[in-house]
Each structure stands twice: as structure tokens, then as C-alpha cells.
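The entries below follow the order in which I made them.

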Amino acid sequence: RYLAQLRRMNYLVDIDTHRCRADHDQMFRELHDTLNLRKLAVEFFWDEIDWDLFEVVKTGTDRLQHYLYDAVENEGHQRHGQAIDYYQKIEEFIKFCWQQFYKGQSADTEGEGFYMLSDHGFCLIKREVYLNAWLRKNGYLEFEKEPPEELKDLKKTSRAFALDPSRIYLHRKGKYPQGFLSDSQASDLRNELKERLMQLEFEGEKVLRAIYFPEEIYSGPEAARAPDLVLVSKHGYDLKGNITKLEVFGNSDLKGMHTFDDAFYWAKESPEKVKITDLANIFLEKLA
């Protein structure tokens, strides 16, 4: 029923990230198209259903900042004006959602039940950091063929490998088909990796701000599937799991990266400090 309605409006979930990464004219066209279509969808669905919870996700700012964060920060950049114009359109979209939410309600209810949040911040990339290249250079990872096509190509004697975003897994016995590390060996290895990686530098600057073991940050029934180390970089160092890079540091066409901090949460009434894990209960209490 609703799929047909979305098709009639030519709805787009997201921009074509592969094409728009290289073609920024196309990116701005699709950013505006998806935003306009999001507005049409909000307008339609808000009146169509009696909602308990209505959630609108906007990914366009994320795409813009990954591909052109230098244009956002640099007023002299040739696309700075386009970037700021898009932010203004986002502000107009938020205002539109606000007006939809409070349509027909009294003025004294404004702000009640309306929330805005992000799950990460953003900053300009100084260097990408290829963790698997570091593991290879330091004897923790080897591949059966060059260049490797996938992680299945790793040698069975490899002790560790990295996946995006910034997760390192140890080749544990019983967890992977060719895994051989015992729990005791894995415990020693993760301590060794943490100590060595915390010393990683680029041009005299430490790259990492923290490394966590899974029991420090994960809980719940799936905790056993967690990575063995989770790395948090300093601003500007984008940690990657690419398996073909041979050098630890480099750059691609990406300009912006996620940051661990600088996420935001807005509500009419909000605790002074809030964790992202608190939000589900905050919303559920409002619905009760």
C-alpha cells in the first residue's frame, strides 16, 4: 500500500553514494532531491496514520560532510556557498517537521515530545590510517595472495585483522574456521596490541586517544561477538579496515570523518548529561 505511494512520488532513500562521491554536481542535485522527497513523505505519512512515534532520518548532511567537509569549513572553497545553502535547507526542513508536529495544538505544548539527535560528530580528515597495513608491517597479519581480495585470503597463522570502523579481531580458536589462539594467548595479544597501538604516531602526534576491550563497553546477549579491541582516534585520523593498502597512512577522496564526540541531543526538557543508551527509555517514558 505505502510502497506504491512512495513509488508514485519517486521517493529516494539516499543519494547514489558511489556516483556522488566523485561527481559533486550530481551530489548537490541528489541532496536537494532527496530532501524535497523526504518532505513530501513526512507530509503524507503524518496525516495518514495515528502515530505513537514518528521518526525522520536525514542522512544528507553526513554525505556532504564525508565528501566535501573542506568546503564546509573553508569560506574560500568554490563550493562553500552550496554547502551552506544546503544547511539552510536542512533548517527549513526541521522547521517544517516542527510545524507538522504541532499543527492544531496549543502554543503551550510547543517543544513537548519533539527530539533532535545525531549519533556522532564530524571533523576534517588529516590522514586515513590503514590498520591492516599496520598489522601486516608488525607481523600480526599475512595473506595467501597479493593483493588480497577478501579477509578469507588471510594465512591461517595470522593473529589479528581489522574491520571498519576501527575494530580489531583476534584469530581465536572456536570463533573462526582456522582460528588457533587460545583465550590465554588472545588475552596476552590484546594487551600487546593496545600497548603498541597507543604509541602509533603521525609526524610526532599520537593517533589514538583510547582503546577499549569489549567488556569495558559492551553488554547483552551478543557481547561474545564483539571485537577484541575498539580503537578511538584523535580528531583527523580516520581509521580504516582496507586490506589492500601497504602503507599505514594515506589519503583518499574523502574529506570528512566521524568523531566519537560532538554528537548532540535536543529536547525541551533534557538532563544536563545524557548517553545515547539513555534515549530509548526517555522516548518510551514519553509514550507511556
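**Entry 1: a helix pair.** I noted at the outset that the model is predicted. I then asked at what angle the axes of helix α3 and helix α5 cross. For α3, residues 24-48, and α5, residues 80-101, I found a crossing at roughly 0 degrees, with the axes coming within 11 Å. An angle under 35 degrees counts as roughly parallel, so I recorded α3 as roughly parallel to α5.

I next listed the residues that form this contact. From α3 I found F28, L31, H32, L35, R38, K39, V42, E43 and W46. On the α5 side, I noted Q82, A83, D85, Y86, K89, I90, F93, F96, C97, Q100 and F101. Sorted by class, the contact of α3 with α5 comprises twelve nonpolar, five charged and three polar residues.

**Entry 2: cysteines.** C97 belongs to the α5 side of that contact, and I looked up its accessibility. Its relative accessible area is 13%, and buried means under 20%, so C97 is buried. How many disulfides does the structure hold? I found zero.

**Entry 3: A267.** I located A267 in the loop that lies between β13 (265-266) and α9 (279-287). Is A267 buried or exposed? Its relative accessibility is 11%, so I counted A267 as buried. Setting aside residues up to four places away in sequence, I found A267 touching F114 and Y115. I also looked up the separation of A267 from F54, which is 213 residues away along the chain; their C-alpha atoms are 15 Å apart.

**Entry 4: a three-stranded sheet.** I examined an open sheet of three strands, whose order is β10-β3-β11 and whose pairing is mixed. Its edge strands are β10 (237-240) and β11 (249-250), each of which pairs on one side only. Strand β3, residues 127-130, runs antiparallel to β11, and two bridges join them. Within this pair, I found E128 opposite G250 of β11.

**Entry 5: K240.** I turned to K240, which lies in strand β10. With a relative accessible area of 18%, below the 20% cut-off for buried residues, K240 is classed as buried. Which residues does K240 contact, leaving aside its neighbours within four places in sequence? I listed E128, V129, Y130, L131, N132, D164 and L254.

Methods:
Residues are numbered from 1 along each chain as its sequence is written. This is a predicted model: local features need pLDDT of at least 70, side-chain atom pairs count only at pLDDT 80 or more; totals for chains, interfaces and linings use all residues. Side-chain values use heavy atoms; hydrogens and water are left out. Axes are lines fitted to C-alpha atoms, for helices over the stretch in contact, and angles run from 0 to 180 degrees between N-to-C directions. Helices (H or I, at least four residues) and strands (E, at least two) are DSSP runs, numbered from the N terminus. Angles under 35 degrees count as roughly parallel, over 145 as roughly antiparallel, 65 to 115 as roughly perpendicular and the rest as oblique. Contact means heavy atoms within 4.5 Å. Ala, Val, Leu, Ile, Met, Phe, Trp, Tyr, Cys and Pro count as nonpolar, Asp, Glu, Lys and Arg as charged, and the others, Gly among them, as polar. A disulfide is a pair of cysteine sulfur atoms within 2.5 Å. Buried means under 20% relative accessible area, exposed over 50%, partly exposed in between (1.4 Å probe, protein chains only). Two strands pair if DSSP finds at least two bridges between them.
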